[in-house]
Amino acid sequence: MNKWYSGCLAVLFCAGCSTAPAPEGAAFDWEANETLLPHRLLRTDGPLGGINSLLATDSTLIVSCIDTDPICTKFAIRGDSLVETDRFLRKGRGPAEALWYAEMQYFPDDSSCCLFGYTNGDNYRFRFPMNDPALIREPVRWERQPVMKRDLGACCQLRFADSLHFIAQRFDLPDDMFWYGTSDTLYPLGIPYPDDGNRAGGIAKAGVYTGWLAKHPAEPRFLYATRNSGKYAFIFTVDTARHTVADRHLLLNEYPVYEVLADGMNAVPKPESPLPVRCAVSKDHIFLLYIGGTYEHPASGGMYSDRIRVYDWEGRPVRSFRLDKPIFGLYIDTDGSCLYGSAIDRETAEPQLLRFRLPE
């Protein structure tokens, strides 16, 4: 399963049908409620890799990259400059290592950082306090929590709800999109894969609908959005006592358009599949980087976009932003005051990191 999982991540699963009900606020006039956001280019004192995830506070920025070793780099924020202070999480199969990349998650209750590598060697989540920089250099002292007893090649996305519980989407449990619990027990949340008009099996759909999974900073609320193709996004709240979904709000319902190969597990894109969104969340708002067009007819920026749609956690449209420079990846700092975007310098082909300060 590991081999298949790693391979499927490299494929752009694509998507399509629009049989779902209209999302809440579908008639909202995004252009009439638009504000321009200027960028500031953040300069680093060393090379910046391809960013997979980012964690930013008022004085510290940590990036997890897919092409650096160690995987994570910690910077001190000095105005518009980033000064490297540490590198950590080496690539490998050993303890406190990851094979490819790592997702990062911030917990405001104790100002800690959580690291999880989907293909690491020991299936553990690592956690350390952000206010103790010395611990970054000592992974043997990181708090360790087992995630799953079985091979994590079966997991295509995971997000922690608290210090013990997490939500996972798995290839080997295909009837429900998400499962909630601990390494000992997982409960289905009762969110089925959408009826998108394609008679695909559960494993194929799990690959197609691998997505972004973000958590509200303080509440058991989650945002899901397709990652590779299609614009299918919704918010859901977990009743942690009953292991069920308390409520759910649909944001976007442009399904991926795809076909399943003869093996029944892998899917390939179709040209008419909509391009996906990128997302970030704060305690008050959800930010979707809206990428227009399809794979056959992309918008002028391709996979880059300068449009951000903003919702509240009830799924209601709030406003929109127009960026003065298109970006590929979207992130937000821990206090919700600045958006960060990743891009590539057209002249040097080097990765860039941009900051957009949000209006008060």
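This report walks through the nonpolar cores, the aromatic contacts and the strand pairing of the structure above.

The model is predicted, so local features need pLDDT of at least 70 and side-chain atom pairs count only at pLDDT 80 or more, while totals for chains, interfaces and linings use all residues. Residues are numbered from 1 along each chain as its sequence is written, and side-chain values use heavy atoms, with hydrogens and water left out.

**Cores**

Let us start inside. A nonpolar core here is a set of buried Ala, Val, Leu, Ile, Met, Phe, Trp, Tyr and Cys residues joined through side-chain atoms within 4.5 Å. Buried means under 20% relative accessible area, exposed over 50%, and partly exposed in between, with a 1.4 Å probe and protein chains only. The largest such core has 26 residues, and those with the most contacts inside it are I167, M177, F178, Y209, Y224, F234 and F236. Two or more residues each come from α2 (202–208), β16 (221–226) and β17 (231–239). These elements are DSSP runs numbered from the N terminus: helices are H or I with at least four residues, strands are E with at least two. The most comes from β17, with four residues. Apart from this core lies another, of 18 residues, among them I62, I71, C113 and L135.

Contact means heavy atoms within 4.5 Å. Leaving aside neighbours within four places in sequence, Y209 is in contact with residues including M177, Y193, Y224, Y232 and Y255. In strand β4 (residues 60–65) lies S64, which counts as buried at 0% relative accessibility.

**Aromatic rings**

Rings of Phe, Tyr and Trp (its six-membered ring) pair if their centres lie within 6.5 Å; planes under 30 degrees apart count as stacked, over 60 as edge-to-face and the rest as tilted. The whole structure holds 19 aromatic pairs, and two of them are set out here.

| Pair | Centre to centre | Angle of planes | Type |
|---|---|---|---|
| F28 and W30 | 4.8 Å | 70° | edge-to-face |
| Y224 and F234 | 5.1 Å | 40° | tilted |

F28 is partly exposed, with a relative accessible area of 23%, whereas W30 is buried at 12%. Both Y224 and F234 are buried. Because Y224 lies in β16 and F234 in β17, their pair ties together parts that are 10 residues apart in sequence. Ring pairs also link F178, Y193, Y209, F222, Y224, Y232, F234, F236 and Y255 into a cluster.

A charge sits over a ring if NZ of Lys or CZ of Arg is within 6 Å of the ring centre and within 35 degrees of the ring normal. For Y290, K231 has its charged end 5.0 Å from the ring centre, and R309 lies over the face at 3.8 Å.

**Strand pairing**

Two strands pair if DSSP finds at least two bridges between them. An open sheet of five strands runs β1-β24-β23-β22-β21, with mixed pairing. Its edges are β1 (34–37) and β21 (277–281); each has a single partner strand, so one side of each is left without a neighbour in the sheet. Within it, β22 (residues 285–290) and β23 (residues 305–312) run antiparallel, joined by five bridges, with L289 and I308 as bridge partners.

Elsewhere, strand β26 (residues 338–344) has six of its seven residues buried. Four bridges join β26 to antiparallel β25 (residues 329–332), and seven join β26 to antiparallel β27 (residues 351–357). L339 of β26 stands opposite I332 and also opposite F356 in β27.
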